[in-house]
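User: Please take a close look at one part of this model. I want the metal site and the loop beside it in the sequence, in one connected account.

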Amino acid sequence: MRCLVISDIHSNLEAFEAVLSHAGPVDCTWCLGDLVGYGPDPNACVDLLRSRAHLCVAGNHDWAALGKLDLAEFNVDARLAAVWTQDNLTPENRAFLEALPKELPGPAPETFWLVHGSPCHPIWEYILDERSAVAAFRCADAAYCLHGHTHVPIVIRQAAQKGRERVTWAQPSGEPIALGPERMLINPGSVGQPRDGDNRASYLILDADALLIEHRRVEYPYQRTQSKMLSRGLPPRLATRLAFGL
Ligand code: ZN
């Protein structure tokens, strides 16, 4: 079984389409939240995901677009984009986002677990440092937890050392990575707003039979996304950052 694992599409249709065509045929699509927010095409992105067999969990920007989060917790640009998204979502897509769970098991629950932020706090928590990674391993039951939210592709392994809980971090190089033998936290990076200094859309292919993952990047016409954002009155800073992957 070959699965496309994506996260943080953020209403960026050009990036999402580029990822789907670059990934080629897959047996499943797993989405780790933040379908909407920031970008100019929330409905087209939700429609495109809904047109495929998929598993999907909710992210903080999905909740913001539904009015389920206090927007005071967002910075001013994210807040403006969330309000714009609230005003532009169709009732059908709003209902779709409303129905997204906070976390989901993969087909084998003891093997894969899907969340947006972390298994401890699925909507909001960032796995950014050793403390949050160690806690995430304690909260997760599955061997491999797939998560997004930071917009940075990463592989974190659990490494017990003389009884102390430790983790090791690796930035994926694009080469296939074998799953295990340690438990792992795996972030595919962001489709629609990468933040690791690389402006290409980021995603992951999971071969669930061979137990291999492969992080991939693909260029997309971000200038088209930028001009749509500006013509729809979204904050210019959100458009500018797409060119830099920041
Ligand atoms: Zn996000």
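**The loop between β1 and α1**

Analyst: Start with Asn12, which sits in the loop between β1 and α1. The model is predicted. Asn12 counts as buried, because its relative accessibility is 1%, under the 20% cut-off. Its side chain has polar partners. One polar atom of that side chain lies 3.0 Å from the backbone nitrogen of Ala15. The Asn12 side chain also makes a polar contact with the side chain of Tyr220, at 3.1 Å. Leaving out residues up to four places away in sequence, Asn12 touches Cys45, Gly192, Tyr220, Thr225 and Leu242.

Now the metal. The zinc ion is coordinated by Asp8 and Asp34 through OD atoms, and by His10 and His151 through NE2, at 2.1 to 2.3 Å. The angles subtended by the four donor atoms run from 86 to 174 degrees, so the arrangement is irregular. A tetrahedral label would need all angles between 85 and 135 degrees.

In sequence, the donor residues follow the spacing D-x1-H-x23-D-x116-H. The histidine pair links distant parts of the chain: His10 and His151 are 141 residues apart. His10 belongs to the loop between β1 (2–6) and α1 (13–23). His151 is in the loop between β6 (144–146) and β7 (154–158).

Are these two histidines buried or exposed? His10 is buried, with a relative accessible area of 1%. His151 also counts as buried, at 2% relative accessibility.

Key: Residues numbered from 1 in each chain as written. Predicted model: local features only at pLDDT ≥ 70, side-chain atom pairs only at ≥ 80, totals over all residues. Heavy atoms only, no water. Donors = N, O, S within 2.8 Å, 3.2 Å for Na, K, Ca; no water. Tetrahedral: all angles 85-135°; square planar, octahedral: opposite > 155°, others 65-115°. Helix = DSSP H or I, 4+ residues; strand = E, 2+ residues; numbered from the N terminus. Buried < 20%, exposed > 50% of the residue type's maximum accessible area, 1.4 Å probe, protein only. Polar contact = N/O pair within 3.5 Å; in protein donor to acceptor, adjacent residues only side chain to side chain. Contact = heavy atoms within 4.5 Å.
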